[in-house]
Structures are given as structure tokens and as C-alpha cells.
Amino acid sequence: METALNAGVEIDLPKEQAHYLGTVLRKMAGDDLRVFNGESGEWRAEIQQVSRKGGRLIICEQLRPPAKMPDIWLCFAPVRKHRNAFIIEKGTELGAAVFYPILTDHTQFVRFNADKARLQAIEASEQTERLDVPKVRDLRVGGIEVMLKDWPQDRRLIFADEAGDAAPALTVLKGMEDGPAAILIGPEGGFSLREREMIRTKSFVTPVSLGPRILRADTAALSLLSLWQAVRGDWTV
Ligand code: SAM
């Protein structure tokens with residue numbers, strides 16, 4: 001829902017949402033729904049009318065207040081289609097705020113369907129009872145150099161570096177200051193030497209190791225996101 005939520009607000013549903021409610025979920029006029037928009041918490045709504053052509057809801061009362069989500073981005077090179085879907089679904093469950101796909105020197109799967117990923121993020125948010133939906137950015141072309149050039153300097157970039165000389169992720173995260181952060185994971189073929197050198201010279205980058213085994217990109221992304229949540233994110237509350 002993108003509309004501001006408040007008791008008494010009526011919301012017209014477009015055809016597709018009405019179809020989903022009426023035909024897929026088999027909801028009828030008078031049925032309750034839980035709705036959220038990422039800002040106003042979770043609200044109970046009642047369906048006033050639903051048909052194939054459209055529908056209308058009325059917002060009733062707030063069920064949960066807005067929750068502050070951890071400010072953690074996940075930057076990754078696209079991998080195979082089903083593994084991208086896995087990263088989006090599990091990353092959403094684990095509380096990523098933004099998915100940031102980038103093309104790198106060794107990216108083999110250069111297609112990333114951001115619209116599809118947005119739908120996967122909505123589904124995973126609903127399933128996990130998040131009160132917001134993570135943002136999925138379009139695939140960033142121009143490579144690592146463009147990403148680093150535009151990087152917001154106050155956001156720490158935690159670089160999963162499989163080369164073996166970075167400190168263990170847990171040790172690094174424990175010593176890190178609180179603040180906006182992002183995780184950077186390479187493609188199946190890893191980062192090129194050129195990219196790795198470029199990344200490691202930046203003052204906002206902190207390299208970390210995820211142990212002696214080379215993990216698949218999706219495993220690395222979700223392991224590091226879990227560690228960050230446990231040490232710096234909302235698993236600590
Ligand atoms: N270098 C590899 C290759 O030649 O195929 C493997 C790349 S790995 C499959 C994909 C990404 O996961 C890496 O670029 C890195 O960001 C992350 N990764 C995997 N294992 C890691 C580890 N043990 N420590 C840190 N990062 C790791």
C-alpha cells in the first residue's frame with residue numbers, strides 16, 4: 001500500500017489487486033485484511049467491495065506501530081535466476097533494506113529482472129510479517145568503479161573477500177561502529193584482481209573473511225547478513 005494509512009481512510013484497489021484478493025485469496029466484502037505501507041505500521045482493513053474490475057477497502061485500526069528497520073544494504077553480482085530469487089527471498093526475511101545488484105568483471109549472468117525481484121520481495125515481506133518491503137534497485141551497469149565513485153561515504157561497505165587475508169567477519173563486526181552499512185558479495189567467478197585492489201583502497205570499505213571454505217555467492221550473502229544482524233542489527237534487541 002502506498003496510501004497513508006489512518007482509521008477511516010478508504011482505498012480503491014486497482015484491477016490486479018482486486019483480482020488477487022477476490023480470485024486468488026477468495027476474499028469477499030466484509031472480510032478483514034492486514035495492510036502496511038512501510039511507514040504507518042500495520043492496520044486492520046475491511047473489504048467493502050471486491051470484483052474483477054476493482055475493489056475498495058476501509059482502514060479500521062492499527063495492529064502494530066511502525067518499526068524501525070536496520071539500515072543494511074546487500075550489494076551482489078547477479079547469479080543464476082533461481083539463486084537470485086533465493087537471495088531476494090532470504091535477504092528479505094533476514095531484514096535487508098535495499099538490494100543493490102551490480103555488474104562486475106566476472107559476472108556470468110548479466111540479466112537481472114528487477115520487477116520480478118520486487119514481487120518476490122513483496123511476497124517474502126508478507127510471509128515474514130515485515131512492515132515494509134525492501135527496495136530492489138535496477139541492475140547497476142558501469143561496474144564496481146561507478147558504484148564506488150557514487151558511494152555514500154558515511155555507509156560502511158563490508159566486503160566479503162575470499163582471498164584469505166581479511167580478518168574474520170565476526171571479529172570485524174564486533175569492533176565496527178554502529179551506522180549505515182552495506183554488504184558486498186562477488187559473482188560466482190569472484191572479483192577480478194583489478195576490482196579487488198580498487199575496492200580495498202577505499203576508506204569506507206572493511207574487508208572480512210567468511211572462513212577457509214569458498215562459499216557460493218548466495219551462501220556468502222546470507223551468512224554475512226545473518227552475522228551483521230546478530231552483531232550490529234536488530235537481532236540484538
Ligand atoms: N573466487 C571464486 C571463484 O574463483 O570462483 C569464488 C567466488 S565465491 C563463489 C563468490 C563470492 O562470495 C566471493 O566473491 C566473495 O564475495 C564471497 N565469498 C565466498 N566465500 C568467501 C569466504 N570464505 N570469505 C569471504 N567471502 C567469500
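This briefing describes the ligand surroundings and the salt bridges of the structure above. The model is predicted, with local features requiring pLDDT of at least 70 and side-chain atom pairs counting only at pLDDT 80 or more, while totals for chains, interfaces and linings use all residues. Residues are numbered from 1 along each chain as its sequence is written, and side-chain values use heavy atoms, without hydrogens and water.

**Ligand surroundings**

- The ligand is surrounded by 17 residues, each having a heavy atom within 4 Å of it; the closest are A160, E162, E188, L210 and R213.
- A polar backbone atom of A160 lies 2.7 Å from an oxygen atom of the ligand, and a polar backbone atom of L215 lies 2.9 Å from a nitrogen atom of the ligand.
- The protein buries 83% of the 570 Å² that the ligand exposes when taken alone (Shrake-Rupley method, 1.4 Å probe).

**Salt bridges**

- The structure holds 22 salt bridges, each a side-chain nitrogen of Lys or Arg within 4 Å of a carboxyl oxygen of Asp or Glu.
- E188 pairs with R80, their closest N and O atoms being 3.7 Å apart; the two residues are 108 residues apart in the chain.
- E188 is partly exposed at 32% relative accessibility (buried means under 20%, exposed over 50%, partly exposed in between; 1.4 Å probe, protein chains only).
- R83 forms a salt bridge with D218 at 2.7 Å between the closest N and O atoms, and D218 is buried, with a relative accessible area of 3%.
- D178 and R232 meet in a salt bridge at 2.8 Å, N to O; D178 is exposed at 58% relative accessibility.
- A network of salt bridges links R34, E42, R64 and E129.

Notes: Polar contact = N/O pair within 3.5 Å; in protein donor to acceptor, adjacent residues only side chain to side chain. Helix = DSSP H or I, 4+ residues; strand = E, 2+ residues; numbered from the N terminus.
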